[in-house]
Amino acid sequence: MGDMANNSVAYSGVKNAVKEANHGDFGVTLAELRSLMELRAADALHKIQECYGDVHGICTKLKTSPNEGLSGNPADIERREAVFGKNFIPPKKPKTFLQLVWEALQDVTLIILEIAAVVSLGLSFYQPPGGNESLCGSVNVGEEEEESEAGWIEGAAILLSVVCVVLVTAFNDWSKEKQFRGLQSRIEQEQKFTVIRGGQVIQIPVADIIVGDIAQVKYGDLLPADGVLIQGNDLKIDESSLTGESDHVKKSLDRDPMLLSGTHVMEGSGRMVVTAVGVNSQTGIIFTLLGAGGDEEEKEKEKEKKDKKNGAVENRNKAKAQDGAAMEMQPLKSEDGGDGDEKDKKRANLPKKEKSVLQGKLTKLAVQIGKAGLLMSAITVIILVLYFVIDTFWVQKRPWLAECTPIYIQYFVKFFIIGVTVLVVAVPEGLPLAVTISLAYSVKKMMKDNNLVRHLDACETMGNATAICSDKTGTLTMNRMTVVQAYINEKHYKKIPEPEAIPEKTMAYLVTGISVNCAYTSKILPPEKEGGLPRHVGNKTECALLGLLLDLKRDYQDVRNEIPEEDLYKVYTFNSVRKSMSTVLKNSDGSYRIFSKGASEIVLKKCFKILSANGEPKVFRPRDRDDIVKTVIEPMASEGLRTICLAFRDFPAGEPEPEWDNENDIVTGLTCIAVVGIEDPVRPEVPDAIKKCQRAGITVRMVTGDNINTARAIALKCGILNPGEDFLCLEGKDFNRRIRNEKGEIEQERIDKIWPKLRVLARSSPTDKHTLVKGIIDSTVFEQRQVVAVTGDGTNDGPALKKADVGFAMGIAGTDVAKEASDIILTDDNFTSIVKAVMWGRNVYDSISKFLQFQLTVNVVAVIVAFTGACITQDSPLKAVQMLWVNLIMDTLASLALATEPPTEALLLRKPYGRNKPLISRTMMKNILGHAFYQLVVVFTLLFAGERIFDIDSGRNAPLHAPPSEHYTIVFNTFVMMQLFNEINARKIHGERNVFEGIFNNVIFCSIVLGTFIVQIIIVQFGGKPFSCSELSIEQWLWSIFLGMGTLLWGQLISTIPTSRLKFLKEAGHGTQKEEIPEEELAEDVEEIDHAERELRRGQILWFRGLNRIQTQIRVVNAFRSSLYEGLEKPETRSSIHNFMTHPEFRIEDSEPHIPLIDDTDAEDDAPTKRNSTPPPSPNKNNNAVDSGIHLTTDMNKSATSSSPGSPLHSLETSL
């Protein structure tokens, strides 16, 4: 020990040396250790023997003692951290608030608004010198002084609304990110781990573990770092979170000493020397691939700035090649021969990730409305200008005088402002706000429903989901083996019997037999948190048996305290040859009793007696055995249960001691106590949730690593399969055989033949899951494209979670890698929460449609009124400031009111909308046009006949500086009242009659309608000149309200007209159809293309394109900044994570039939070759390009011929 201390003191002075030689004075470098940890089993052993002699050699080179551990000297610890790194995976730097604001500003609608506002502001401050007006002709442009003075209000108000939207969006993103990070850090701080330092066993936080530490591992641990085993007792590790291999892996010094971070210790205990921490550990490497570790990217960003010309992809390759885990990154270029650079350049110019379905539709719609508004405002300006020019120079025959030029310009500017007003009214700036509010509101509420949403748009995408691919273990089932049926005393119990029903003798045999003949490391511990389930530690099957004792109100611990482990006379441990485990007890009188348990078909063969109904043994003949197999074991197996037989045998005291080594003579002539059926039970709430999904038009598929019988049985219990339906249940290898062509490449057409009927995929590898998800998403079989949600908990689910439209990770059972790749985290690991997510998602969609229906009615009316008014009276009946009140308040408040409707169960009764369903259905179009018609009739009647109806002065041809007229105030007031009542109409979008249904559940809605009404009274009565209003009498108010309420009655009339009759109605706001995409664009672009980009490309509006180009430049610079979310959308990284996942040694082999054993753990004992042998040469050798779905068949004709030329299949997607 003193020796160690001296060592560390001696070395603490060598800090400077560290800087010169990177590995300081350790006998091994970081790179060597890292490459060592990438080897498995035999290769690793060979490497250790070759380079270090043995594990102690590694300890010596790392200057640590296998027994005493590190000295714990702070200087030594610091030096090790400097050389080998800390055990900490740096999270991606959170975006600053300003970055989030900048991102929010990229919205097209906001950009149009910003431009209009700036122009309007600029013009309001432009005061041309006044010439002699009388000379220059007087054209009555009813603009008042106050208006020109209040001109800036308009521009400022627009900018204000933009600022509101941007801040709300940015703040939402920011608080969401903060919540998530809080959750993460809370999880991380709680983890501690046992290490030996200075000969003392201490617990330290996981982040403090350093290379060279001697860590103690025991069952139930999650390994925090990579290491090499120094000493182990029967150590078994569940590496499924890294490799997807479900069997436990035996670790021993002479077979496989490599322990990897992120894996679970399932049995046994041991000590390891830590060889890699943080970013260099295996989990760390995967995290870096997912883009969480920011260092690589920082370097790349620098490089990218220096040489943008070469296309970003090469830099990415260079940087990733250093990652060691990702060497096969080239297939991207090889396809296009020499011109890779060209394509990369084009690709770099396109936005990286397709917007969510809804954002796509909205952007497209906003652009269409923007165009229409632009057209209207242009026509307005042209008409006004022509009218002015013709009237002045043609009718009045005036010459153009030089000194009049400024005045004419002033007129033109006024016309332009009227034009901009029309444009501003036309653009629905409430849209982005409505979306944001609706999503933010939903996300907050979804937290209560156990959904932690990480990406806002996932919430709305979920409403469109048409398919859910769910894991079995832990999501649909409880992930705890449980005894559910038993055959005891010649009686088959379908559920666990009451303790009284079992004779005392039988009970005694059961209790002792199970308590003693289960590994003492298997136990059931109390739950970690209140209300949780008890924790199973050790072998899951044995825990199920111990659980049976607890259900029978007996305690196994008492028996174990009576007979401690050292008193067991002999134990025949479980292995795959015996398929049973037996324990011998020596009684005080010198007799022996042996208890045996194992796979029922094997143990029953050795039983010659069975306990009868009264608990006494009776003869058990082969005929009886066949009976039991037929009536008990086979029915249990068909329900997906694993059957286990419990038996015992007595050796009387007087006989000579048996030959214990001759096992076959010992474990025979048994007496059968019971046969039990064990399963992982379905969560009680799942079948109901799945029914809801199916009713809502969502197909649930189960993807599991379990065997096909169990999978099928569970699927039947859940309701994924129903008796009498013709659906497919496939095993992974069948699935792979069916979807690959002769060359072993995956073909979309083959997948399309399978997936519509596939309901259960058993014995599947992570790659299969990814292939299936990708196949369904890319499929074009139905006119609706599929939107796929995936649930997963293991590290191996990362790629599939990333590929899916919505990835759900398990909050409790999920690994960090799965959570990183997901969009929504289920904090209670429960399938019902997914149904809630669907409900919220559909609600978001409907809220936005409601808002659109309301908003567009206002817009249509306001634009037409402003347009016709300007053209007929050269003056807009609704003044600019009034327009803004209508616009801002109605938009922003209405978006709040309509976007916060709570969801109802009724949402789950309709089919999903899918990707191509238009935002505005024909019913909505009918409502919009119908209500617009009513409002226009009312407004124009009031405008052109109002003075006669109300017997007041006409406001139409008022002189230039007249005070505001009652006439125009009535028009304005009635207009606002109609909007208020129409807001109530807008609550229903599917043509329902009762628009008041559930209105009081939404407090926000009621308060907003009321608030708007009160403010309107204040504006009209006290608004005066700024708002161009004059006071109205009670009678006039009542008329305004009456005309407003007319919209409710009119709404009933409209909903009576069947939509199907109105053939001329068009839908609007589609998703992008495949056929619309120009062919060459598809070819050049493997990733999806932004909807707005495409829409604009067709429209060729130059200033839009300019803006988009700027956006694109910014996006390219940001491409890496957002790599956490998009990381796996980049084909290269996708391929690399797959190569990591499908190391040949990691493949789950299906070459031999897999019988559900008692316990799969030891299946590999007798076949060490199985795991280490490379898999049979699959046609696709390195498993990279094809599995990762980047293999593009350049042969386009194939797909064209396979589908009829007119069908949507006629597209590139088929040949991917």
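This report covers the nonpolar cores, a surface patch and some salt bridges of the structure.

The model is predicted, so local features need pLDDT of at least 70, side-chain atom pairs count only at pLDDT 80 or more, and totals for chains, interfaces and linings use all residues. Residues are numbered from 1 along each chain as its sequence is written, and side-chain values use heavy atoms, with hydrogens and water left out.

## Inside: nonpolar cores

A nonpolar core is a set of buried Ala, Val, Leu, Ile, Met, Phe, Trp, Tyr and Cys residues joined through side-chain atoms within 4.5 Å. Buried means under 20% relative accessible area, exposed means over 50%, and partly exposed lies in between (1.4 Å probe, protein chains only).

The largest nonpolar core has 118 residues. M462, F808, F831, I920 and F972 have the most contacts inside it. Helix 34 (residues 831–873) supplies the largest share of this core, 20 residues. Helices (H or I, at least four residues) and strands (E, at least two) are DSSP runs, numbered from the N terminus. A second, separate core has 42 residues, including M37, C59, L260 and V265.

## Outside: a nonpolar patch

Which residues form a nonpolar patch on the surface? They are F97, V163, L167, F171 and W174. Together they have about 440 Å² of accessible area. Such areas come from the Shrake-Rupley method with a 1.4 Å probe; for residues, only the protein chains shown count as cover. Patches are made of residues with over 30% relative accessible area and no salt bridge; like charges are joined within 9 Å, and nonpolar side chains (Val, Leu, Ile, Met, Phe, Trp, Tyr) within 5 Å.

Helix 10 (residues 151–189) gives the patch its largest share, four residues. W174 lies in helix 10. W174 has a relative accessible area of 32%, so this residue is partly exposed.

## Charged pairs

Side chains of opposite charge can pair when their charged atoms come close. A salt bridge is a side-chain nitrogen of Lys or Arg within 4 Å of a carboxyl oxygen of Asp or Glu. A search of the whole structure finds 25 salt bridges. The table lists some of them.

| Pair | Closest N and O atoms |
|---|---|
| D650 and R593 | 2.7 Å |
| D734 and R737 | 3.1 Å |

Take D650 and R593, which form a salt bridge. D650 lies in strand 19 (residues 642–651) and R593 in strand 16 (residues 592–599), so the pair ties together parts that are 57 residues apart in sequence. D650 is partly exposed at 37% relative accessibility. R593 is partly exposed too, at 23%.

D734 and R737 both sit in helix 29 (residues 732–739). They are three residues apart, about one turn of the helix. D734 is partly exposed at 25% relative accessibility, whereas R737 is exposed at 58%.

Are K774 and D778 buried or exposed? K774 is buried, with a relative accessible area of 13%. D778 is buried at 7%. Both lie in helix 31 (residues 766–778), four residues apart, about one turn of the helix. Elsewhere, salt bridges that share partners join D76, R79 and R80 into one network.

## A buried glutamate

E731 belongs to strand 22 (residues 728–731). Its relative accessibility is 18%, so E731 counts as buried. What does E731 touch, not counting residues up to four places away in sequence? E731 touches I708, L761, A762 and R763. Contact here means heavy atoms within 4.5 Å.
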